[in-house]
Amino acid sequence: LFLLTARMKRRRRPELDVVDADTDAGSRSARCEASPASTSAPLTTQAPRTGLISVLMPCRSAAPWLSACVLSVLTQRDVDLELVVADDGSQDDSFAWLCAVRDALGRAREGGTGGAREADAREAEGVEAFSSDVLGHAASTMRTYDAEYVAKCASASCTLVVLRVEREGTPSGQGLALNACYAVARGEYVGEMESDDLRPPHAFATLKRALEDNPSWDASCSRIELCGMERQGMRRFETWQNEQISPRDMSAGRFIEIPALRASGLYRRRALERMRALDDGCLYRDLWLIGDVVVDCAASAAGEPALASARHQWWPVDSDFWHRWFFHGFVVGKVPHKLYVWRQYEAQSTRTHSRCSLEQLRRCKAHYFIRDVLRAGETSPTLAVARIRVYGVGTTLHAWVDAIHDELTHQQSSSLSSTSAVVVPEVTSTVHTPGDAPWTLEDADIRVLHVFVFGMPKPRRKIIHALTRAFKAQATPTSPFGDFKAVFVA
C-alpha cells in the first residue's frame, strides 16, 4: 500500500513519491501485408481514424487456440475495430488459417453477410462468456473453428489485417511482431491480444467508454480471469492484480508485480506516440542476452544492441513496457470487470523463457527503482535519498541488495542519469520479522528510504500495522508515517 511511485501530473516529469493506503472495411479486411523490414521505419502516413480501435496481435504457432481467440476479437460489440495480426514464423498452419479468414471475410462483406453471432453474444464477463470447450489447456481437447464460420460470425464493424514477420536469426519474442502491427495500425485507440487468450464480446467497448469517461487516463485495463491449467501461484497473482484498480494503486504496485496484463489494456495512440518519442522512437522492446551483449530483437529483423544496457539488463516485454510507462508518468486505470481471459498451459512463454525468471524480473524492478531514486535526487537535491535500508529475510533479501548495488554501479557510469550531480545512496540490509517495530523517531528521515522485500500480502499488512503504531503521532492525511519513507518490493 505504501509504495514508491511517480506522481501522475500531466506535462511534467514524474517525481519520487511515497504514497498511501480510410480504406473501406471490405478491402481493408482482405489485405495481407509483409511487415516493415525495421520497426524504426516510418509509420502509416494516414492520420489516426477517430474512434477506431486497432488490436495488435503477435502470433507464433498458435493453431490450437488461435481460432477461438480471433473469433472472440472479431465478434466484439459496439466498436469500430481492426485486428492486425503479425505471424512470427509459425511452424503450424496459423498463417494459412489467418489468410483463409481474411479471404472469407472479404467474400462475406462483398456478399452482404456476416455478423451472424452478434445477436447471440452474451453480456457475461470472464470465463462465463465462453463455452467450456474453448477454456482448456490441452490442445487435443480444444474446439477450433473454420475460417468460413469465423467470417460469418464477425461483427460488421470488425476487420482483419494479416502480416508476416521475417527474422534474421534473432530469438522469437513479441516485440518485433507488435512493432510491425503498430506500424500499419490506423486507430485512435490501440489494444492488444495474445493469440491464445480470449475476450468477452463487450470488452473493447467497455475499455473505450472508460477512456471517454476518464480524460486524464492514458490507458484503461481490465481485471483478468485465468483458464486452462490450475496453479495456486498464478491464482494468487490473479487475485493481487485484480485488486489494483485506481491509477495510484497501479503505479504504486509496479515494484511488487506488473499491476495489469499489458494485453488487457486499451491505449490512447497519442500516449503511445509520446512514449516512443521519449524512448528514442521505441515502443516495444524485446531484450535478450546474446553472447555477452543485450540485444533488442524488436528493433529490427536482425536485432540491434540495446542502448546503454549492461549484461544483466534483459527481461520480458511486459515488464519493460510497464516500467517505462510509469517512469515517464503516464496514467492507467482499471475497470472492475473481467474482460480478459488468460490461458495457462505447459508450453506458455511465462513458464519456459529464462528472461521470465524471478531473477530477471527482480533486475527489471531494481533498474527502474534506482532510476526513480536518482532522478528524484536530480530534481530536488535537498530531498535526495542518502541511504537505502533494505529489510527482509534470507536469499531474497540478499538478492535485492545485490540487484540494487548492480544498478547503482551501472547507472553511475551510464548516460541514463546525471549521477555526478546527485548523492549516490548508501545501501544497507536488515533482517526483519514482519510485525516487529524496531524504529524510533530518528528513523523518520526524509533522506532515508526504507525498502521492505516481502512478496506476500500478509507480511506486508503486518509491517503496515507496525509502522502505523510506531509513527501514529507523526501521521498526516498525506503522510501516514510522517517522514518515514516506506516502499514495498518483491
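Biologist: Which three strands form an open sheet with antiparallel pairing, and in what order do they stand?
Modeller: In this predicted model, the order is E10-E11-E12, and the pairing is antiparallel.

Biologist: What makes E10 and strand E12 (304-305) the edge strands?
Modeller: Each of E10 and E12 pairs on one side only.

Biologist: Why are H9 and helix H10 (residues 317-327) called roughly perpendicular?
Modeller: The two helices pack at an angle of about 90°, with their axes 11 Å apart. Angles of 65 to 115 degrees count as roughly perpendicular, and H9 and H10 are therefore given that description.

Biologist: Which residues of H9 and H10 meet?
Modeller: Ala 271, Leu 272 and Met 275 in H9 meet Phe 321, Arg 324 and Trp 325 in H10. By class, this contact has five nonpolar residues, one charged residue and no polar residue. Arg counts as charged, whereas Ala, Leu, Met, Phe and Trp count as nonpolar.

Biologist: Why is strand E7 (residues 187-192) described as largely enclosed by the rest of the structure?
Modeller: A residue is buried when its relative accessible area is under 20%. Five of the six residues of E7 are buried, so the strand is largely enclosed.

Biologist: With which strands does E7 pair?
Modeller: Strand E4 (residues 49-59) is joined to E7 by five bridges, and the two run parallel. Here Val 55 stands opposite Gly 191 in E7. E7 also pairs with strand E9 (residues 266-268), in the antiparallel sense and over three bridges. In that pairing Val 190 stands opposite Tyr 267 in E9.

Biologist: Why does Asp 78 count as exposed?
Modeller: Exposed means a relative accessible area over 50%. Asp 78 reaches 71%, so it counts as exposed.

Biologist: What is the phi of Asp 280, and where does this residue lie?
Modeller: Asp 280 has a positive phi of about 55°, although it is not a glycine. Its loop lies between helix H9 (269-278) and strand E10 (287-290). Asp 280 is exposed, with a relative accessible area of 68%.

Biologist: Why does Pro 336 count as partly exposed?
Modeller: Pro 336 has a relative accessibility of 46%. That value falls between the limits of 20% and 50%, so the residue is neither buried nor exposed. Pro 336 belongs to strand E13 (residues 332-344).

Biologist: Which residues does Pro 336 touch, not counting those up to four places away in sequence?
Modeller: Pro 336 touches Arg 223 and Ile 245. Although Pro 336 and Ile 245 are 91 residues apart in sequence, their C-alpha atoms are 7.0 Å apart in space.

Biologist: In what order do the four strands of the parallel open sheet stand?
Modeller: The order is E15-E14-E16-E17. Strand E15 (426-431) and strand E17 (485-489) stand at the edges with a single partner strand each, so one side of each has no neighbour in the sheet. On average, neighbouring strands are turned by 25° against each other, direction ignored. Strand E14 (residues 387-392) is joined to E15 by six bridges, and Arg 389 stands opposite Thr 428 in E15.

Biologist: Which strands does helix H13 (residues 394-413) touch, and what angle does it make with E15?
Modeller: H13 packs on the sheet and touches E14, E15, strand E16 (448-453) and E17, with its direction at about 175° to that of E15. Angles over 145 degrees count as roughly antiparallel, so this description applies to H13 and E15.

Conventions:
Residues are numbered from 1 along each chain as its sequence is written. This is a predicted model: local features need pLDDT of at least 70, side-chain atom pairs count only at pLDDT 80 or more; totals for chains, interfaces and linings use all residues. Side-chain values use heavy atoms; hydrogens and water are left out. Buried means under 20% relative accessible area, exposed over 50%, partly exposed in between (1.4 Å probe, protein chains only). Two strands pair if DSSP finds at least two bridges between them. Axes are lines fitted to C-alpha atoms, for helices over the stretch in contact, and angles run from 0 to 180 degrees between N-to-C directions. Angles under 35 degrees count as roughly parallel, over 145 as roughly antiparallel, 65 to 115 as roughly perpendicular and the rest as oblique. Contact means heavy atoms within 4.5 Å.
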